[in-house]
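Open the model in your viewer and follow the stops below. Each one tells you what to select and what is there.

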Amino acid sequence: MLSLMLASFLPLLLLCRISLCQYSSDQCSWKGSGLTHEGHTRDVEQVYLRCSQGSLEWLYPTGAIIVNLRPNTLSPAAARLSVCIKPSKDSTGTNIYLDRNGKLRLLLREQDQAEGKVHCFSIREGALFIEAVPHTDISRRITAFQYELVSDRLRAEAQSPGAPCQPCSDAEMLLAVCTNDFVARGTIKTVGPEEDHASVSVEISRLYRQKTHVFVSGGVRVRSWTGNIKMPLQCGVKSGEGEFLFTGTVRFGEAWMGCAPRYKDFLRLYHEAQLQGTNPCHVETD
């Protein structure tokens, strides 16, 4: 009887161990566990992530891992990319270094990760070397972060994505509608401070485009969406009446405000550019 019970539990135990010791990866994200790290081994596991964005989660870290962030392309432009990582505010248990040909440079200490700030570096600076910090109890230690690959030109924006507190020019406004990660028509409901930025709660009546689902639908029968857009505190944004055209970028799943003209001002500008044939793209304004 005992042998039958053990035989029935053995596949389950093996499955649990496999799920812990091997990273489940679509080449975008990785999840692993230090519980499978043998005490006598000195090998450092190599992790390869080949997407433009994804995540890593290392439970109960022991030893070290090397994370190679490489785009899935052979284009020469890949050498001009930067890697940006945003640690989870619960991330702990490791120090994170840049490893270039065996030379380590400290990027993030364990205590710095709780700030949840974005840190960027050129892809030419090497891989990430993530080393566990010795602790007597590793059961509460999890290192986790999101990553994005961006062009070197957009690196500064990725680290501080909030738009400068000045109105967009007419040309910038028209281009933003064509190229930004999200474009939406709606109203400002509330504005609240959150640490080093303001969170603008908006209600959307028309959603032209969104890179990811930063705005949530009100339901099948309700053609409206709600969401939050971040802005630098110093911009002093306030809730008010009237409709706006919200545009901006999405960084690590968060919407950041770019150009946000009043909708009536955008309409006037758009129709003027349409008559002159200078619109960079077509927008449905009915």
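Angles under 35 degrees count as roughly parallel, over 145 as roughly antiparallel, 65 to 115 as roughly perpendicular, and the rest as oblique. This is a predicted model: local features need pLDDT of at least 70, side-chain atom pairs count only at pLDDT 80 or more, and totals for chains, interfaces and linings use all residues. Residues are numbered from 1 along each chain as its sequence is written, and side-chain values use heavy atoms, with hydrogens and water left out.

**Stop one: two helices.** Select helix H3 (residues 170-179) and helix H4 (residues 263-276). They pack at about 90°, with axes 11 Å apart. H3 and H4 are therefore roughly perpendicular to each other.

**Stop two: their contact.** Contact means heavy atoms within 4.5 Å. Show Asp 170, Met 173, Leu 174 and Val 177 in H3. They meet Phe 266, Leu 269, Tyr 270 and Ala 273 in H4.

**Stop three: the sides of H3.** Buried means under 20% relative accessible area, exposed over 50%, and partly exposed in between (1.4 Å probe, protein chains only). Met 173, Leu 174, Ala 176 and Val 177 are buried in H3. The face turned away from the buried side of H3 carries exposed Ala 171 and Thr 179. Among the elements covering the buried residues of H3 are strand S11 (182-194) and H4.

Rings of Phe, Tyr and Trp (its six-membered ring) pair if their centres lie within 6.5 Å; planes under 30 degrees apart count as stacked, over 60 as edge-to-face and the rest as tilted. Select Tyr 263, Phe 266 and Tyr 270: ring pairs link them into a cluster. Tyr 263 and Phe 266 are both buried.

How values were computed
Axes fitted to C-alpha atoms, helices over the stretch in contact; angles between N-to-C directions. Helix = DSSP H or I, 4+ residues; strand = E, 2+ residues; numbered from the N terminus.
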